[in-house]
Amino acid sequence: MTFESKSGEKTEIQVMINELAWLLETEIPRLATVVDDLMKKCSNKLAPFSIPSSLQTSSANPRPLLLNSHQLGDAIKGHVTVNGDKISKAEVTLKIPGRNAHRVVKTQIREHEAWKLQQIQSTCNHFYVALSKCPSMSEKLSKLKNPKLILLAVSEISAIIQRSMDSLVLPANPSLAEIFSTNRQRALKPELPDDILLNFHIRSDHLLLTVYILGHTPSSRASQASLPSLAQLKMTEKPSPGGETTTFEHNSQTYEVTNQLQVETPIPWLSEVLAVMEEVVEVCHEINDKVRGFDIPELSS
């Protein structure tokens, strides 16, 4: 190896050392500050909803969200008020088609019997786990000069924030058994007829209202009997060929979902929360990519 080649190799190594030093001392702290700002912004948006209901004040008055659908016409109409992780108020009018005429059913939710939205609570829980593990990304990373430890710290927070987002974006759709087994139906006043089941849940930044119309299957011997009350219901679900559960059994009788209606409405503040969380994950990925951009043996181990 010539002197010139050795000199060139040393220069290249020194350039890489200088670039790594710049990354650890300047670029990573800058990106960590961006993460801190975004986490603070997200925390401010979620703060009112992390306070126990008993301590919340009425200073915040969220605007009611309209429930309607051009496709369904007036089959479902109403409005709901989403206050943090619960529906504090709602008025719903259903127009159920019948053999001879439509049947109109009305029900309400009042604040003293709010409908809990577990997905929003799960999102908050995951976020505050991330915040408790890393109150300040800048401070945490400033103490870490080892690239591998930086990657571990950033990846941990990114994964938790992703789980927080997934609670909304990839929700676990409740089964009919889960909907029946909860006490949420009793929050509706007046209670719905036994052949109607209603469920609110979150998907991404939208609130969905699904209405299930129940009936007997043709094979049921008790075709003239009334449906079981919710308190007495014990179900064995059977999926349809398409994979969706459409029937259930009770006392050796089979019932089915004869119709299903659904409307959705956007929740603006939830859209903002998801957008900020997505930015946090993107910046964490940027830190990860920039650190891994250096050919450091310990990062590939």
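Two residues are in contact when they have heavy atoms within 4.5 Å. In this predicted model, Asp 205 lies in the loop between β6 (196-203) and β7 (206-216). Leaving aside neighbours within four places in sequence, Asp 205 is in contact with Thr 265, Pro 266, Ile 267, Leu 270, Ser 271 and Leu 274.

Which side chain of opposite charge is nearest to Asp 205? That side chain belongs to Arg 203, and it is 8.3 Å away. A salt bridge needs a side-chain nitrogen of Lys or Arg within 4 Å of a carboxyl oxygen of Asp or Glu. Asp 205 has no salt bridge, yet Asp 205 is buried.

## Backbone features

Ser 204 also lies in the loop between β6 and β7. Its phi is near 60°, a positive value in a residue other than glycine. Ser 204 has a relative accessible area of 25%, so it is partly exposed.

Lys 189 and Pro 190 are joined by a cis peptide bond, with omega at about -5°. Pro 190 is placed in the loop between α5 (176-181) and β6. For background, most residues other than glycine have a negative phi, and most peptide bonds are trans.

## Aromatic pairs

How many aromatic pairs are there? The count comes to 2. In one of them, the ring centres of Trp 115 and Phe 200 are 5.3 Å apart and the planes meet at 80°, so this pair is edge-to-face. Trp 115 lies in strand β5 (residues 115-116) and Phe 200 in strand β6, so the pair ties together parts that are 85 residues apart in sequence. Both Trp 115 and Phe 200 are buried.

The rings of Phe 127 and Tyr 128 also form a pair. Their centres are 5.3 Å apart and their planes are at 85°, so the pair is edge-to-face. Is each of these residues buried or partly exposed? Phe 127 counts as buried because its relative accessibility is 0%. Tyr 128 counts as partly exposed because its relative accessibility is 24%.

## Confidence of the model

The chain has an average pLDDT of 81, and 76% of the residues score at least 70. Over residues 221-225 the pLDDT stays under 50, and the model has 4 contacts for this stretch beyond four places in sequence. Residues 228-243 also have a pLDDT below 50. In the model, residues 228-243 have 38 contacts beyond near neighbours in sequence.

Definitions and conventions: Residues numbered from 1 in each chain as written. Heavy atoms only, no water. pLDDT = per-residue confidence, 0-100. Helix = DSSP H or I, 4+ residues; strand = E, 2+ residues; numbered from the N terminus. Buried < 20%, exposed > 50% of the residue type's maximum accessible area, 1.4 Å probe, protein only. Lys, Arg positive; Asp, Glu negative; His and termini not counted. Phe/Tyr/Trp six-rings, centres within 6.5 Å; stacked < 30°, edge-to-face > 60°.
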